Amino acid sequence: MTESLRVERLPPGFDVTVPIPGSKSITNRALLCAGLASGTSTLRGALDAEDTAAMIGALRTLGARIDVAGDTVVVAGLDGALPDHPVTLDANRSGTTGRFLMALSILARSEITIVAAPQLAARPMEDGLDAVAQLGVGRMPAPGPDPLPVTLVPAAGGGEGHRSVVTVGGDVSSQFLTALLLAAPCRDEGLRIRVRGALRSEPYVELTMATMAAFGATVRREGMEFTVEAGGYRAVEYRIEPDASAASYFFAAAAACGGRVAVEGIGADSIQGDARFADVLAERGAIVRRGVDTTVVEGSGRLVGGVVDMADISDTAPTLAAIAPLAATATEIEGIGFTRAKESNRVAAMVAELGRLGIVATEERDGLRVEPGEPVAGTVRTYDDHRIAMSFAVLGAATGAVTVDDPGCVVKTFPRFWETFAMLYPSDPFDSIGPVVAIDGPAGSGKSTISKLVAQRLGMEVLDTGAMYRAVTCAVLRAGGDPHDPEFAAQAARHAEISFDGPRVEIDGDDVTEEIRGEEVSGAVSIVATHGGVRDRLRSLQRDWLAAHGGGVAEGRDIGTVVAPDAMLKIFLVASPEVRARRRAGEGTMDMATAVKNLAERDRIDSTRDHSPLRPAPDAITVDTTAMTIEEVVDVVCREAARRLAAGGRPDRSAADEGTTEGATFR
């Protein structure tokens, strides 16, 4: 894979209190409880990330009214009543969202179709589908080989739909049990749930019951049997703890790099099982102190290996595996065989990528073993798995030997991970590309025009991402294969030598400046641009260009989220569909109806593609250009960019958190 982000060695002696975003696990459980509750709940400290956005979107589709302001979410609940018409709910890549929504079918009054991104669609779902089937929910056959998408049909009349006992498997994931628990209070009969087989990740079940109790539900547990009383949920004000899984990377960095990290909001009474990762580090030699509301981890200068069962805290297993080469003795991680069915096969992924860095690691039946060793410099693949990326960031900080190929995948649960990780350093290790103004947005939002004028005003270079995508497409076509074939396109893109010198573009030494503007390239570029491997290549080319030019103004659809997640300023331009279509129609001979149709299709492709889908970065400033002149938009962007340049070219979260800048007719 292509290089994206090299993690510099972290000097020892740092002492940082790290702000950790809200727990994904708690946020999605609290969102569902609030969404089913009677009345209006306020959630404070909520996580704003891809997974929680999926849950919010699904609840809104079900009819809940949800307002989001920073980390505060206000939810007007459904009082347990789901729509009486068919709905389609998009879980994207969120396993908690997809599996929790599946269990809502036992409350449904009409069909529920659950769709998902391919990464989630292929993950195990049978235990959940089998459980709701026991309660009378029917299932329409999936159109493909994967469990999702699936259409669930509620029980008609009485009969099996009024059963009050269900058995669910627990050895693949505890999320199926959690899903039934969360839905059960809104059944007139309540529900008794029996777990078949071993129960994975039990602390997450305890977390579920604690969250339900906060919203007024009653759950009793006797061994592997859970009884949920009817009565629904009541609206509450609820505070969400910082994410203990996310904190693990910073605690591990302290242990491995010889520093001190404090995290407030995760203390001795934390309801999260992954808070126990600090104990695992203490057993490896780190110094750990816990207060009522704070956990502090400090490196002792020595790490030891040993055998550790991480079945109950499996999300932190990659974190331990990543620092295991630094221990004086071998590390064996047990109890995590089931993580082969997570966002990636995490056991195989960690073994493969440690091996890529020259570390001896072996895959075991229920885990892995890592030998001590000095990593050699290399680029690790992340398998589009946020936890693999964040774990290897820690090894990179300890050794300076790691380049992460897909830094943007952290958006799933920790969109600002890289910026937060940079707080450990005396100066930002990711600012080597210089100050970047990222201008993203859908087709017709004015990105190209605004970017050129902003660059002129600020005296910066402008990155022509359109020319880059055309050059890569040209390379694919020159290789003679089918541009629809993602593997062929990725290989051709990776092997071509592509260079940019001002307006001149070369492929393998040939000047293709005119060729990339031809009809053949124009007809294929939108197809080639959707392939993940091609976007990997483009990400590398774009970052290389920014580094060579000391930063610049870059426009596109994933600059702020993937290419330059560390950008000084992130702008997301939007405009009404009618205005965007009018702009596009004005660029050529197409009529308005054709322009509207083409834009709608382009928006669909951009927002639903598997790799780098179009969406604003969490810290982007959204500018609605519908009713603004070009000059007004440029003024808004340049004022904010100039302010940040004067402050040293650093991101400023306070401005982004204020939200949308609006104005009046971009012509």
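## Basis of the model

This is a predicted model, in which local features need pLDDT of at least 70, side-chain atom pairs count only at pLDDT 80 or more, and totals for chains, interfaces and linings use all residues. Residues are numbered from 1 along each chain as its sequence is written, and side-chain values use heavy atoms, with hydrogens and water left out.

A second, separate core of 71 residues includes Tyr-249, Ala-278, Ile-333 and Leu-368. The largest nonpolar core has 74 residues, and Leu-181 and Tyr-233 have the most contacts inside it. A nonpolar core is a set of buried Ala, Val, Leu, Ile, Met, Phe, Trp, Tyr and Cys residues joined through side-chain atoms within 4.5 Å; buried means under 20% relative accessible area, exposed over 50%, and partly exposed in between (1.4 Å probe, protein chains only).

## A four-stranded sheet

Four strands form an open sheet in the order β18-β19-β21-β20, with mixed pairing. Strands are DSSP runs (E, at least two residues), as are helices (H or I, at least four), numbered from the N terminus; two strands pair if DSSP finds at least two bridges between them. Because β18 (306-309) and β20 (361-364) each have a single partner strand, one side of each is left without a neighbour in the sheet.

β18 and β19 (residues 331-334) pair in the parallel sense over four bridges, and Val-308 stands opposite Ile-333 in β19.

## Helix α2

The buried residues of helix α2 (residues 50-62) include Ala-54, Ile-56 and Leu-59. Their cover includes α1 (24-36) and β4 (65-69). Gly-63, with a positive phi near 115 degrees, follows α2.

Methods:
Expected span 1.5 Å × (residues − 1). Contact = heavy atoms within 4.5 Å.
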